[in-house]
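Subject: the model we talked about

Hi,

Here is the structure I promised to send over.

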Amino acid sequence: EIELWANKANSRDAVLYTRDVDPRSGERVVLLVHGLGSSPSTFDQRYDNNSSIFQNLNNEYNGRVILYKYPSDRLPSENAESLNNLLEQWGLDSPLDLVGHSMGAIVIREFARRFHDRHTIPHLVQLAPPNYGFVSNQPIKWFLEFLINSLDSSEIDIFNPYTSPGA
């Protein structure tokens, strides 16, 4: 489980959480940015009894993980600027791999676009970015419920291009 570590810097409601990360070590660190209305604990959810994203990255980066918690009521550009201000205030001088989920993906993309000359960004990973905005998933939910309740499961043929025979 993620412990929300002592914040090293604070700007309005945006917060960086770190643990034992030396910002001037030169060793690559990973920054995780949550989605809209969420929190950094999103990255500690486990699925199918596997390790969480946080656990895997914490191991891979030897504990050099930074979590960015931003206020969801601000524009991605404002949150990207707050992130840059926090990192500069903290004195980060290490390469920074970025991982963002949902709206966090838009925040890191905006951060990289605007501040790539101030930070070394070897990798940028966007998980489910809402590139064209967000539309309610209610119609999709109704359709799936209709499908599940209306059809005999033997009639449903799901093709996965990666695992289905003949793919």
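P76 sits in helix α2, where helices (H or I, at least four residues) and strands (E, at least two) are DSSP runs numbered from the N terminus. With 21% relative accessibility, P76 counts as partly exposed; the scale I use calls a residue buried under 20% relative accessible area, exposed over 50%, and partly exposed in between (1.4 Å probe, protein chains only). What does P76 touch, once its neighbours within four places in sequence are left aside? The contacts are M103, I106, V107 and E110, a contact being heavy atoms within 4.5 Å. P76 and G104 are 28 residues apart in sequence, yet their C-alpha atoms lie 8.1 Å apart in space.

Before you read on, a word on where this comes from: it is a predicted model, so local features need pLDDT of at least 70, side-chain atom pairs count only at pLDDT 80 or more, and totals for chains, interfaces and linings use all residues. Residues are numbered from 1 along each chain as its sequence is written, and side-chain values use heavy atoms, with hydrogens and water left out.

Now the overall layout. The protein has four helices and six strands, and from the N terminus on they run β-β-β-α-β-α-β-α-β-α. Of its 167 residues, 38% are buried. If you take contacts between residues at least 6 apart in sequence, 74% of them join residues at least 24 apart. The accessible surface comes to about 10500 Å², with 48% of that belonging to carbon and sulfur atoms (Shrake-Rupley method, 1.4 Å probe; for residues, only the protein chains shown count as cover).

Five of its six residues are buried, so β5 is largely enclosed by the rest of the structure. β5 pairs with β3 in the parallel sense over five bridges, and with β6, also parallel, over four bridges; strands pair here if DSSP finds at least two bridges between them.

Which residues touch the most other members of the largest nonpolar core? They are L16, L31, Y68, L87, L96 and F111, out of 22 residues in that core. A nonpolar core means a set of buried Ala, Val, Leu, Ile, Met, Phe, Trp, Tyr and Cys residues joined through side-chain atoms within 4.5 Å. At least two residues of this core come from each of β2 (14-18), β3 (29-33), β4 (65-69), α2 (76-90), β5 (96-101) and α3 (103-115). Apart from it lies another core of 11 residues, including V15, V30, F54 and V65. As general background, nonpolar side chains tend to be buried together in soluble globular proteins.

On to charges. The whole structure holds five salt bridges, each a side-chain nitrogen of Lys or Arg within 4 Å of a carboxyl oxygen of Asp or Glu.

- E27 and R64 meet at 3.5 Å, N to O. E27 is in the loop between β2 and β3 and R64 in the loop between α1 (53-60) and β4, 37 residues apart. E27 is partly exposed at 43% relative accessibility, whereas R64 is buried at 15%.
- R114 and E81 meet at 3.1 Å, N to O. R114 lies in helix α3 and E81 in helix α2, so this pair ties together parts 33 residues apart in sequence. R114 is partly exposed at 28% relative accessibility, and E81 is partly exposed at 37%.
- R118 and E88 meet at 3.5 Å, N to O. R118 is in the loop between α3 and β6, and E88 is in helix α2, 30 residues away in the chain. R118 counts as partly exposed at 49% relative accessibility, and E88 does too at 41%.

Last, the surface. I53, V125 and L127 form a nonpolar patch there, with about 200 Å² of accessible area together. Patches are made of residues with over 30% relative accessible area and no salt bridge, joining like charges within 9 Å and nonpolar side chains (Val, Leu, Ile, Met, Phe, Trp, Tyr) within 5 Å. V125 belongs to strand β6 (residues 124-127) and, at 38% relative accessibility, counts as partly exposed.

Cheers
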